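Visitor: I am new to this structure and would be grateful for a close look at one part of it. Please begin with a single residue and let the account widen from there.

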Amino acid sequence: MTPPKRILIVEDDMIIGANISLQLTNLGYEVDGLVARGEDAIAHVQSNCPDLLLLDINLKGTINGIETAHRINHTHKIPIIYLTANSDDATFTRAKATFPKAFITKPFSKLNLQRTISLVFAALNEKQEIAANNTLEVLQDRIFVRHHGKMEKLMLNDILYVEADRNYCTIVSRSGKHLLASTLKSMESKLPDNQFLRVHRSFIVNINNLDVVADDHLEINRKVIPLSKSHKEMLLRCLRTI
């Protein structure tokens, strides 16, 4: 029997939090905890990582929900659903930068909560199934991605970048995308380092396909990719040798 999904609730209104907790329990989920501050959520995740985070944006204390998500994302890859009473564009833009799976606007109904969480878990399960069926073989100038019994060829020069999402990686090429059950570190070890370089904790780029190099980001085929300070010097050194 599959164990119930564990959900951490981060909500500073304890009445709302207790109500959410009751609803989740009735829906068959396991409430991993109910905390009121971002600092408490970060500490909880370090010792007991949940399957999903229900996170209020407007938390009391020294850090809000968005900053909490940023800090958690640095160490853990936990799906996040934001709870918010703010629907303005500025708040949405800041929150979107933390790559949440969904937003639930307050006040919300039990049905809205149920459907949103169900859709998020369904999407994650589908992603796991797709990635589990894909494997990778790297040759001198090309890779082969095995998908449903077929080997699909990708020339290394056609790969634009590799993007990580938790324990999965998406290879983005000029012809499409391929999802793999692999960490970015594992992908980094397989791809030739004279052509592919890690530029951020979530991205490896094909330096031959860079269109723009800015102080804090790169662009490939109109895709804006963040550039970490810790990787910038190595990137510039590699570009000088091309």
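Visitor: In which strand is Asp56 found?

Guide: Asp56 is found in strand β3, which covers residues 52-56. Before going further, please note that this is a predicted model, in which local features need pLDDT of at least 70 and side-chain atom pairs count only at pLDDT 80 or more, whereas totals for chains, interfaces and linings use all residues. Residues are numbered from 1 along each chain as its sequence is written, and side-chain values use heavy atoms, with hydrogens and water left out. Strands (E, at least two residues) and helices (H or I, at least four) are DSSP runs numbered from the N terminus.

Asp56 has a relative accessible area of 3%, so this residue counts as buried (under 20% relative accessible area; over 50% is exposed and anything in between partly exposed, with a 1.4 Å probe and protein chains only). Leaving aside residues up to four places away in sequence, Asp56 touches Val10, Glu11, Asp12, Gly65, Leu83, Thr84 and Lys106; contact here means heavy atoms within 4.5 Å. With Lys106 there is also a polar contact of 3.3 Å between the two side chains. A polar contact is a pair of N or O atoms within 3.5 Å; within protein, one must be able to donate a hydrogen and the other to accept it, and residues adjacent in sequence count only if both atoms are side-chain atoms.

The peptide bond that runs from Lys106 to Pro107 is cis, with omega near -10°. Pro107 belongs to the loop between β5 (102-105) and α5. Another loop, the one between α4 (89-96) and β5, holds Phe99. Phe99 is not a glycine, yet its phi is positive, at about 60°. In contrast to the buried Asp56, Phe99 is exposed, with a relative accessible area of 59%. Asn221 likewise has a positive phi, of about 50°, without being a glycine. The loop between β15 (217-220) and β16 (223-226) contains Asn221, which is exposed at a relative accessible area of 52%.

The structure holds four aromatic pairs (rings of Phe, Tyr and Trp, the last by its six-membered ring, pair if their centres lie within 6.5 Å; planes under 30 degrees apart are stacked, over 60 edge-to-face, and the rest tilted). One of them is the tilted pair of Tyr29 and Phe121, with 5.9 Å from centre to centre and 35° between the planes. This pair links distant parts of the chain, 92 residues apart: Tyr29 lies in the loop between α1 (14-26) and β2 (30-35), and Phe121 in helix α5 (residues 110-132). Tyr29 is buried at 16% relative accessible area, and Phe121 is buried at 7%. Elsewhere, ring pairs gather Tyr82, Phe92 and Phe103 into a cluster.

Strand β9 (residues 159-165) is joined to β10 (residues 168-173) by six bridges, and Val162 has Ile171 of β10 as its bridge partner. Three bridges connect β9 with β13, where Tyr161 stands opposite Val205. Four bridges pair β12 with β13, a hairpin of two residues joins these strands, and His200 stands opposite Phe203. From β13 (residues 203-206), Phe203 and Val205 point one way while Ile204 and Asn206 point the other, and all are buried.

Finally, the cysteines. A disulfide is a pair of cysteine sulfur atoms within 2.5 Å, and by this rule the count is zero. Cys169 is in no disulfide, the nearest cysteine sulfur being that of Cys49, 18 Å away. Cys169 is buried, with a relative accessible area of 0%. Cys238 is also in no disulfide; its nearest cysteine sulfur, that of Cys169, is 19 Å away. Cys238 is buried too, at 15% relative accessible area.

Methods:
Two strands pair if DSSP finds at least two bridges between them.
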